[in-house]
Amino acid sequence: LVIGGGDGGVLREIAKHESVEEIVICEIDKGVIDVSKKYLPTLAKGYDDPRVTVHVMDGAKFMEENQDSFDVIITDSSDPIGPASVLFETPFYNAMHASLREGGIVCTQGECLWLHVDIIRPLVNSISTKYTQVEYAYTTIPTYPSGQIGFIVASKGEREAGCKVPVRKPSKELQKTMKYYSTELHAAAFVLPAFAKRAIFGDDV
């Protein structure tokens with residue numbers, strides 16, 4: 001399940017993986033989808049995959065109607081200002097938890113570790129009582145503040161190595177289609193600067 005992500009970019013990347021059987025996107029604004037298909041076709045081509053089902057509605061309501069339904073939930077949201085602020089609050093994470101199957105994973109936009117630990121730490125603390133494991137990773141994106149954006153990755157049910165260690169390596173053919181991702185980069189994304197690790201997870205880590 002993809003919440004938001006109306007430009008289709010997340011769909012495009014998910015669709016590269018043949019092991020994914022079904023891809024559901026819930027976007028609240030149909031205009032985003034239409035404009036992206038018209039002006040951002042290289043992103044929006046994710047909609048062309050036959051496994052994709054589109055729902056134009058509020059993501060929280062959709063999850064309320066679909067409990068214990070998804071193996072992975074990805075939220076592709078804007079910053080926590082205005083209408084998107086609810087996507088960074090505990091009730092929304094509780095809704096995702098209820099919509100996940102046992103063993104499932106959520107991945108959400110996690111702001112910037114250089115600028116937003118005052119947002120990240122309280123959220124991590126609050127959802128740690130609900131999710132079995134909560135982890136934080138980051139990547140470099142030149143167009144974001146400080147050239148970096150983070151991900152909050154949380155799981156429902158025990159995972160021996162969490163999400164830090166990839167459980168599957170892309171085939172050579174699939175890897176050639178990827179401009180950024182590799183299994184080495186996946187693992188490295190969870191290695192935080194010491195200050196950030198303390199600021200997000202506490203002084204004892």
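## T75 in strand 4

T75 is buried, with a relative accessible area of 6% (buried means under 20%, exposed over 50%, and partly exposed in between, using a 1.4 Å probe and protein chains only). T75 sits in strand 4, residues 70-76; helices (H or I, at least four residues) and strands (E, at least two) are DSSP runs, numbered from the N terminus. Setting aside neighbours within four places in sequence, T75 is in contact (heavy atoms within 4.5 Å) with I3, F92, M96, C107, T108 and Q109.

This is a predicted model, where local features need pLDDT of at least 70, side-chain atom pairs count only at pLDDT 80 or more, and totals for chains, interfaces and linings use all residues. Residues are numbered from 1 along each chain as its sequence is written, and side-chain values use heavy atoms, leaving out hydrogens and water.

## S99 in helix 5

Let's move to S99, which belongs to helix 5, residues 90-99. S99 counts as buried because its relative accessibility is 0%. Beyond residues up to four places away in sequence, S99 touches M63, N66, Q67, D68, S69, F70 and I73.

## The nonpolar cores

A nonpolar core is a set of buried Ala, Val, Leu, Ile, Met, Phe, Trp, Tyr and Cys residues joined through side-chain atoms within 4.5 Å. The largest one has 27 residues, and L1, M63, I73, M96, Y131 and I152 have the most contacts inside it. Another core, of eleven residues, lies apart from it and includes L11, I14, I23 and I25.

## Two loop residues with positive phi

E111 lies in the loop between strand 5 (100-109) and helix 6 (117-127), and its phi is near 60°, a positive value in a residue other than glycine. S146, in the loop between strand 6 (133-140) and strand 7 (148-155), has a positive phi near 65°.
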